Amino acid sequence: TRAVDPTVDARTGEPRRPAVVWAASGLFFAGLAAVVAGLLWAFWRSVREFADAAWLNGVVPTEPGALLRVLMVTALFAATLVIGAGAIIAGHYAWRGYRWARWAGVAAAGASLLALLINWVACIGIPLLVVAAILLWTPPARRWFDRWHLRRHPAPVAVEPRTDVFYGPLPRYR
């Protein structure tokens with residue numbers, strides 16, 4: 001009988017995902033959902049009250065149909081895309097056990113500050129993404145990433161040197 005390793009799933013042979021990784025991945029996607037909800041709400045409100053729909057819209061007074069309005073709405077959408085890309089990449093690759101996802105989480109948390117351009121609903125995503133990034137740096141998550149790294153990059157097996165090597169001309173067989 002072999003000893004059972006509690007850190008490895010017996011069915012899959014993969015490292016077991018700790019609760020902090022579950023929570024971090026969930027928070028990345030929840031934070032993104034809050035930012036998208038804020039953007040959609042800003043778009044909805046822009047129809048009647050453009051200047052109050054998003055912080056960026058209220059910065060510069062514009063006339064309906066002005067090119068600057070189109071550029072500001074495009075900037076809000078681009079900010080949401082940047083936040084979304086960071087959160088999705090960090091959440092997915094943290095879930096899959098890639099070590100570099102910790103740094104992607106830091107980048108996603110930094111990018112979440114772009115939600116300040118949108119509105120208070122989108123800003124709800126900022127603390128969610130920051131907490132998610134912090135969770136990836138906890139000791140249980142770090143150990144889990146290390147186990148995945150060892151699974152993906154196993155140490156080479158040591159080979160004993162051979163001593164029965166014959167050097168010189170081969171003997172003739174009759």
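This is a predicted model: local features need pLDDT of at least 70, side-chain atom pairs count only at pLDDT 80 or more; totals for chains, interfaces and linings use all residues.
In which helix does V20 lie?

Figure 1. V20 belongs to helix 1, which spans residues 19-46. With a relative accessible area of 19%, V20 is buried, because the limit for that class is under 20%. Setting aside neighbours within four places in sequence, V20 is in contact with L135, T138, P140 and A141. V157 lies 137 residues from V20 along the chain, and the C-alpha atoms of the two residues are separated by 33 Å.

**Figure 2. Packing of helix 1 against helix 4.** The axes of helix 1 and helix 4 are 9 Å apart and form an angle of about 165 degrees. Angles over 145 degrees count as roughly antiparallel, and helix 1 and helix 4 are therefore described as roughly antiparallel to each other. Their crossing is left-handed. T80 is a residue of helix 4, and T80 is buried, with a relative accessible area of 7%. When residues up to four places away in sequence are not counted, T80 touches V35, V36, L39 and I118.

Figure 3. Residues up to four places away in sequence being left out, N57 touches S46, F50, A51, M72 and L76.

**Figure 4. Packing of helix 5 against helix 7.** Two packed helices are described by the angle between their axes and the distance between the axes. For helix 5 and helix 7, the angle is about 165 degrees and the axes are 8 Å apart. That angle makes helix 5 roughly antiparallel to helix 7. The crossing of helix 5 and helix 7 is left-handed. Helix 5 contributes G105, V106, A108 and A109 to the contact, while helix 7 contributes L129, V130 and A133.

Figure 5. In helix 5, the buried residues are A101, R102, A104, G105, A108, A109 and A111.

**Figure 6. Aromatic ring pairs.** A pair of aromatic rings is described by the distance of the centres and the angle of the planes. The model has eight aromatic pairs. In one of them, the ring centres of Y93 and W100 are 4.8 Å apart and the planes meet at 40 degrees, so the pair is tilted. Y93 counts as partly exposed, at 30% relative accessibility, and W100 is likewise partly exposed, with a relative accessible area of 42%. In the pair formed by W144 and W148, the ring centres are 6.4 Å apart and the planes lie at 85 degrees, so this pair is edge-to-face. W144 and W148 are four residues apart in helix 8 (residues 139-152) and are therefore separated by about one helical turn. An α-helix has 3.6 residues a turn, so residues three or four places apart point the same way. W144 counts as buried at 0% relative accessibility, and W148 counts as buried at 5%.

**Figure 7. The cluster of Y93, Y98 and W100, and charges over rings.** Ring pairs join Y93, Y98 and W100 into a cluster. The charged end of R152 sits over the ring of Y98, at 3.7 Å from the ring centre. Elsewhere, the ring of W41 has the charged end of R45 over it, and here the distance to the ring centre is 4.9 Å.

Notes. Residues are numbered from 1 along each chain as its sequence is written. Side-chain values use heavy atoms; hydrogens and water are left out. Rings of Phe, Tyr and Trp (its six-membered ring) pair if their centres lie within 6.5 Å; planes under 30 degrees apart count as stacked, over 60 as edge-to-face and the rest as tilted. Buried means under 20% relative accessible area, exposed over 50%, partly exposed in between (1.4 Å probe, protein chains only). Helices (H or I, at least four residues) and strands (E, at least two) are DSSP runs, numbered from the N terminus. A charge sits over a ring if NZ of Lys or CZ of Arg is within 6 Å of the ring centre and within 35 degrees of the ring normal. Contact means heavy atoms within 4.5 Å. Axes are lines fitted to C-alpha atoms, for helices over the stretch in contact, and angles run from 0 to 180 degrees between N-to-C directions. Angles under 35 degrees count as roughly parallel, over 145 as roughly antiparallel, 65 to 115 as roughly perpendicular and the rest as oblique. A crossing is left-handed if the near helix is turned anticlockwise from the far one by less than a right angle, and right-handed if clockwise.
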